[in-house]
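Please load the model in a viewer and keep the sequence panel open beside it.

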Amino acid sequence: MTMRQSLLLCAAILCATLPLGIRADLLRVPDEYSTITLACEDAVSGDTVAVSAGLYHEDAYVNPGVSVIGMVPDSTEVHVSPLDYQGPFTILEGTDATLIENMTILGGLNPTFYNGNPNTVIKRCFIVAGDSGSYVAIVGADLTIKSCFIWWSSWSDNLFWFNGPFDVLIEDCVLRGNGLNYWNVPSGTRINLKNNTIDDSIYFYVEFSTDFSLIFTNNIMKYVQCGDVQPDTLEWRYNDFVEPGGWPNCGEQAGNFSADPLLCDPDGEVADYRLEPESPCLGAGENGEDVGARLGICWDPSGVGDEQASGLDSRLRAYPTVIGGDGCTLGLTGQSVDLSPAVEVLDVLGRRCATVTLSPRAGATFTARWPGTDDQGRKLPAGVYWLRPTGRTDVSTRVHIVR
């Protein structure tokens with residue numbers, strides 16, 4: 001055997017012995033793996049488990065540094081429920097940043113997840129804990145929940161079960177249920193709720209807890225009732241207590257107020273917790289921030305969403321509609337009206353982020369490749385964006401950027 005053959009053989013043996021997760025950074029479910037659980041078994045730090053739309057029954061153990069992301073515009077299109085008698089996700093101990101994003105997670109009788117990693121972020125998920133005795137999560141390490149819709153129905157349950165004194169941040173979420181009740185947590189725990197819309201009252205009894213911190217900042221909530229809070233540390237800063245007399249009778253107070261937040265349509269068939277343009281919560285928070293979940297202002301860029309404008313044979317489309325680093329292709333047609341060959345990119349607040357110039361093709365068709373950047377070539381943050389021809393409000397489409 002020559003030296004060259006020996007080196008090639010050694011390289012082949014080394015590659016064959018490497019775990020699958022080291023050789024792949026994107027593990028697709030169900031295209032490559034039939035379940036999220038199987039993909040998570042192979043995924044190692046730095047990998048992404050990319051989940052397509054579907055119903056999944058899981059008992060997944062997520063290694064440190066792994067991201068599990070629903071690759072669809074709407075989190076309700078990826079629906080994850082427990083396989084047996086525990087929550088769908090167990091996040092294993094470690095320190096590499098771990099992400100669960102853009103899916104519906106159902107706990108039922110079980111918590112939706114157990115967290116053992118202090119650098120875990122749960123983001124843009126619809127989290128449902130619905131049965132008596134269930135919790136949103138079992139907290140075994142510091143935890144961050146951002147931009148989620150959290151719903152539970154049992155009156156007597158906590159949001160969390162704490163296995164020790166940890167820091168929890170809940171930010172930019174909508175919390176809807178039968179009240180936040182009985183905050184029984186270990187001494188030394190710190191819970192920070194910031195920029196949330198809490199669509200219920202809070203009944204706060206902590207007779208079994210001592211010396212922990214609870215800080216509410218820039219939240220919308222209906223009513224707070226406290227009992228037996230000493231020597232716990234409570235702070236209420238720049239919150240809108242919707243119901244008259246709803247202010248808490250405990251803890252430090254700064255900048256709180258009571259007013260109808262003027263939410264878009266919280267009681268609609270599809271609840272809309274954004275703020276009306278005249279909402280008193282705009283700019284009323286700490287450091288001039290908006291109060292409540294930062295979902296944007298009630299604003300419809302076209303009045304027709306993704307549908308074709310009535311009476312006009314005009315259409316703007318993006319492919320794909322969920323885009324990452326490769327961007328998307330824009331196509332614009334206008335048979336009976338003149339369309340500008342430029343397309344504006346708008347965020348959910350209606351602010352222009354970029355202008356894309358399209359090139360003419362056959363007939364009244366224009367196309368362009370847009371990489372998901374602003375006019376200076378900088379990547380736009382992850383989120384939903386609306387696109388419409390310059391000067392038009394009756395033709396539009398939307399894309400979802402994932403990073």
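**Stop 1**

Helices (H or I, at least four residues) and strands (E, at least two) are DSSP runs, numbered from the N terminus. The model is a predicted one, in which local features need pLDDT of at least 70 and side-chain atom pairs count only at pLDDT 80 or more, whereas totals for chains, interfaces and linings use all residues. Residues are numbered from 1 along each chain as its sequence is written, and side-chain values use heavy atoms, with hydrogens and water left out.

In a regular strand the side chains alternate between the two faces of the sheet.

Two strands are taken to pair if DSSP finds at least two bridges between them. Within this pair, leucine 26 stands opposite threonine 48 of β2.

**Stop 2: the five-stranded sheet**

Next, select β32, β39, β38, β34 and β35, which form an open sheet in the order β32-β39-β38-β34-β35 with mixed pairing. At the edges stand β32 (322-323) and β35 (352-357); each has a single partner strand, so one side of each is left without a neighbour in the sheet.

Isoleucine 323 has isoleucine 401 in β39 as its bridge partner.

Move to strand β34 (residues 342-346), where five of the five residues are buried. Ala342, Glu344 and Leu346 point one way from β34, while Val343 and Val345 point the other way. β34 is joined to β38 by four bridges in the antiparallel sense, and leucine 346 stands opposite tryptophan 386 in β38. β34 also runs antiparallel to β35, with five bridges between them; valine 345 stands opposite alanine 354 of β35. In the hairpin of β34 and β35, five residues lie between the strands, and glycine 350 takes a positive phi near 85 degrees.

**Stop 3: the largest pocket**

Which residues lie nearest the centre of the largest pocket? Select Arg124, Arg274, Leu295, Val348 and Val384, which hold that place among the 47 residues of the lining. The pocket contains about 1,900 Å³ of space. On a 1 Å grid over the protein atoms alone, a pocket is an open set of points where a 1.4 Å probe fits, with protein on both sides within 12 Å along at least five of seven lines, and lining residues have an atom within 4 Å of a point. Grid points are joined across faces, edges and corners, and the volume is the space filled by probe spheres set on the points.

The elements that give two or more residues to this lining are β18 (174-176), β30 (272-275), β38 (383-389) and β39. By residue class, the lining comprises 25 nonpolar, nine polar and 13 charged residues. Ala, Val, Leu, Ile, Met, Phe, Trp, Tyr, Cys and Pro count as nonpolar, Asp, Glu, Lys and Arg as charged, and the others, Gly among them, as polar.

**Stop 4: the cysteines**

Select cysteine 226 and cysteine 250, which are joined by a disulfide with an S to S distance of 2.1 Å. Cysteine 226 lies in strand β25 (residues 224-227), and cysteine 250 lies 24 residues away in the loop between β27 (240-241) and β28 (252-254). The criterion for a disulfide is a pair of cysteine sulfur atoms within 2.5 Å, and the count by this rule is one. Cysteine 226 is buried at a relative accessible area of 11%, as is cysteine 250 at 8%.

Cysteine 125 is in no disulfide, its nearest cysteine sulfur being that of cysteine 148 at 4.9 Å.

**Stop 5: two buried loop residues**

Select threonine 189, in the loop between β19 (180-181) and β20 (190-194). Threonine 189 is buried, with a relative accessible area of 1%. Its contacts (heavy atoms within 4.5 Å) include Phe162, Phe212 and Ser213.

Finally, select valine 291, in the loop between β30 and β31 (314-319). Valine 291 is buried at 0% relative accessibility, and the residues it touches include Tyr238, Phe257 and Leu275.

Key
Buried means under 20% relative accessible area, exposed over 50%, partly exposed in between (1.4 Å probe, protein chains only). Lists of a residue's contacts leave out its neighbours within four places in sequence.
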